[in-house]
Amino acid sequence: MVKGRKKRKESFINLPPLDKGNLCHERTIVEFVVKATISADPILDANNCVVVVIYEGSCKLAFIRLNKDTTWTYVDPRLEYIGQSLDMVQDVVHVKEKFYAVKGGGQLFSFDIITQSKQLVAEGMQHDDMEEKVYLVVLSDKELWMVRRYVAFGDEDRVTKKVRIYELDFDKHEWVEKETLGDVALFLGDNFSISVLASNFLGCRPNCVYFNHDHDRYCGYLRGCLHHDFGVYDVKSQSFSQSFAPNITALMKTTKKPPYWVVPTFQL
């Protein structure tokens, strides 16, 4: 189901289930949908809305066109490039009438829903010694940012140690690291990563990256992490701080669900 914006009775769009034949038999369908993203408002512009999901253990892609398709189309991960494949995808977004999918290290691919063509957009960068989560943030049709979040694991814990931000140069097909975000604040999460102008929201800190303890591919909720990898990264000082209520960790343990960012439709 995809959340909409209108009345309660219209707030969900029912989608057909993923084909179990494409999923590992040891997991349920719900557990294997890692993330979903859309190309348009599913309520106001349903005829132009495409839903893309990252699914199952090897993080492949599938899509469905609202009001047009009755079943999911599974994106063939094979590519023409030697040694490349469109799997182990960490994030996917819609920009310039195409979907962009990123893998670890920042390797970026685009694919066209209509032609089913796939292209390598930007090469990946050298991997760090730490595990990383990669997020894509769309600021406009001309601005696509990537955040590489490096995490370290203890016996029962996960801690974010480093954050690096990049902007895609669409002409040169390469990532350019950003030294400052200006008035922009980024919010990272598996449900959706967003950007806001901090000056529009009381208490929001500019030039910062807010992150929560979302579901990760390495530890998640399988190894009993304490679920308190929340915080704010200040780009200028390159420092971390905490800015969340202390009861959030307890709430996550109770619900066993990651938190979600919500963008208010009003200014404070």
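A residue is called buried when its relative accessible area is under 20%, and C204, with a relative accessible area of 16% in this predicted model, therefore counts as buried. The same cut-off applies to C59, which is buried because its relative accessible area of 4% is under 20%. A search of the whole structure for disulfides finds 0 of them. In general terms, a disulfide is a covalent bond between the sulfur atoms of two cysteines. For C204, the closest cysteine sulfur belongs to C208 and lies 8.0 Å away, which is too far for a bond because a disulfide needs the two sulfur atoms to be within 2.5 Å.

The largest nonpolar core has 16 residues, of which V52, L61, L86, V92, F99 and F111 touch the most other members. Two or more residues of this core come from each of the strands β4 (50-55), β5 (60-65), β7 (89-95), β8 (98-103) and β9 (108-111), and β4 gives the most, with 3 residues. Another core, of 15 residues, lies apart from the largest one, and its members include V93, A122, L136 and L144.

Open spaces in the model were also considered. The second largest pocket has a volume of about 320 Å³, and of the 14 residues that line this pocket, N48, V50, E97, I113 and I114 are the closest to its centre. Sorted by class, the lining of the second largest pocket is made up of 5 nonpolar, 4 polar and 5 charged residues.

A further position of interest is D128, which is placed in the loop between β10 (118-122) and β11 (131-140). Leaving aside neighbours within four places in sequence, D128 is in contact with Y150 and K162. Along the chain, D128 and Y150 are 22 residues apart, and their C-alpha atoms are separated by 8.1 Å.

Technical notes: Residues are numbered from 1 along each chain as its sequence is written. This is a predicted model: local features need pLDDT of at least 70, side-chain atom pairs count only at pLDDT 80 or more; totals for chains, interfaces and linings use all residues. Side-chain values use heavy atoms; hydrogens and water are left out. On a 1 Å grid over the protein atoms alone, a cavity is a set of points where a 1.4 Å probe fits but cannot get out, and a pocket is an open set with protein on both sides within 12 Å along at least five of seven lines; lining residues have an atom within 4 Å of a point. Grid points are joined across faces, edges and corners, and a volume is the space filled by probe spheres set on the points. Ala, Val, Leu, Ile, Met, Phe, Trp, Tyr, Cys and Pro count as nonpolar, Asp, Glu, Lys and Arg as charged, and the others, Gly among them, as polar. A nonpolar core is a set of buried Ala, Val, Leu, Ile, Met, Phe, Trp, Tyr and Cys residues joined through side-chain atoms within 4.5 Å. Buried means under 20% relative accessible area, exposed over 50%, partly exposed in between (1.4 Å probe, protein chains only). Helices (H or I, at least four residues) and strands (E, at least two) are DSSP runs, numbered from the N terminus. Contact means heavy atoms within 4.5 Å.
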